[in-house]
Amino acid sequence: MLGEMVIDGIETPEDGTAEDLAGALLVRVATGDQSAFAALYDMLSARAFGLILRVLINRSQSEEVLQEVFLEVWQSAARFAPNKGQGRTWIFTIAHRRAVDRVRASQASSDRDVRVGSRDIDIAHDSVAEQVELGIAATSVTAALGTLPEAQRETLVLAYYWGYSQSEIAVLVGAPLGTIKTRMRDGLTRLRNEMGVTG
């Protein structure tokens, strides 16, 4: 049981949450404590992998990113400030950023392939028109998102582009669930107004 685990004198909280233990372990990892790192990995790697897999879909890429995440945790644990955030959230934020970076890199490569490939084939007029319409719509949404406050924009992007639930977003950004719900509601309202959408 997690609530009964003791690692080198660090006990988990009695309520069974891993938050205080994750932070305490990170402090130990910052000093080069390998046993604390192993315990942190055992405690959080499965959940971090789940978050990464949800973004990347591809299992082997997700495994690679998970390794990158914990390498970064090992190398940068000294940057974790227990008084400014929670250990588990800090690690999940690294996992999310690494996964998003991998998606962006893959998308950039795919876009280059599409650009090169489109030079070599004839595209029907209807297909071109459809792509133009989709491009205009995407540009409008992107521009409208750019007018939102950062917190609202981040919440909407995590929910609608990356498919995170409100609870997962709360963990990723370190905000209460009620705050995330408010940001989503207010952000969607402003987005609709910005784009002139009614109903």
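The legends below describe close-up views of a predicted model.

**View 1. Glycine 32 in the loop between helices H1 and H2.** Glycine 32 sits in the loop that lies between helix H1 (19-29) and helix H2 (34-56), and with a relative accessible area of 36% this glycine is partly exposed, since that class falls between the 20% and 50% limits. Alanine 78 is 46 residues apart from glycine 32 along the chain, and the C-alpha atoms of the two are separated by 9.6 Å.

**View 2. The largest nonpolar core.** This core has 41 residues, of which Leu40, Phe70 and Val73 touch the most other members. Two or more residues each are given to this core by H1, H2, helix H3 (59-76), helix H4 (87-119), helix H6 (150-160), helix H7 (166-173) and helix H8 (177-195), and the largest share, 12 residues, comes from H2. Apart from this core lies another one of 5 residues, among them Ala144, Leu145, Leu148 and Leu156.

**View 3. Surroundings of phenylalanine 70.** When neighbours within four places in sequence are left aside, phenylalanine 70 is in contact with Phe37, Leu40, Tyr41, Leu44, Ser45, Ala48 and Ile91.

**View 4. The crossing of helices H6 and H8.** The axes of H6 and H8 come within 8 Å and cross at roughly 95°; because angles of 65 to 115 degrees count as roughly perpendicular, the two helices are described as roughly perpendicular to each other. On the H6 side the contact is made by Ala151, Gln152, Thr155, Leu156, Ala159 and Tyr160, while H8 contributes Ile180, Arg183, Met184, Asp186, Gly187, Leu188, Arg190 and Leu191. By class, this contact has 8 nonpolar, 3 polar and 3 charged residues.

Definitions and conventions
Residues numbered from 1 in each chain as written. Predicted model: local features only at pLDDT ≥ 70, side-chain atom pairs only at ≥ 80, totals over all residues. Heavy atoms only, no water. Helix = DSSP H or I, 4+ residues; strand = E, 2+ residues; numbered from the N terminus. Buried < 20%, exposed > 50% of the residue type's maximum accessible area, 1.4 Å probe, protein only. Core = buried A, V, L, I, M, F, W, Y, C linked by side-chain atoms within 4.5 Å. Contact = heavy atoms within 4.5 Å. Axes fitted to C-alpha atoms, helices over the stretch in contact; angles between N-to-C directions. Parallel < 35°, antiparallel > 145°, perpendicular 65-115°, else oblique. Nonpolar A, V, L, I, M, F, W, Y, C, P; charged D, E, K, R; others polar.
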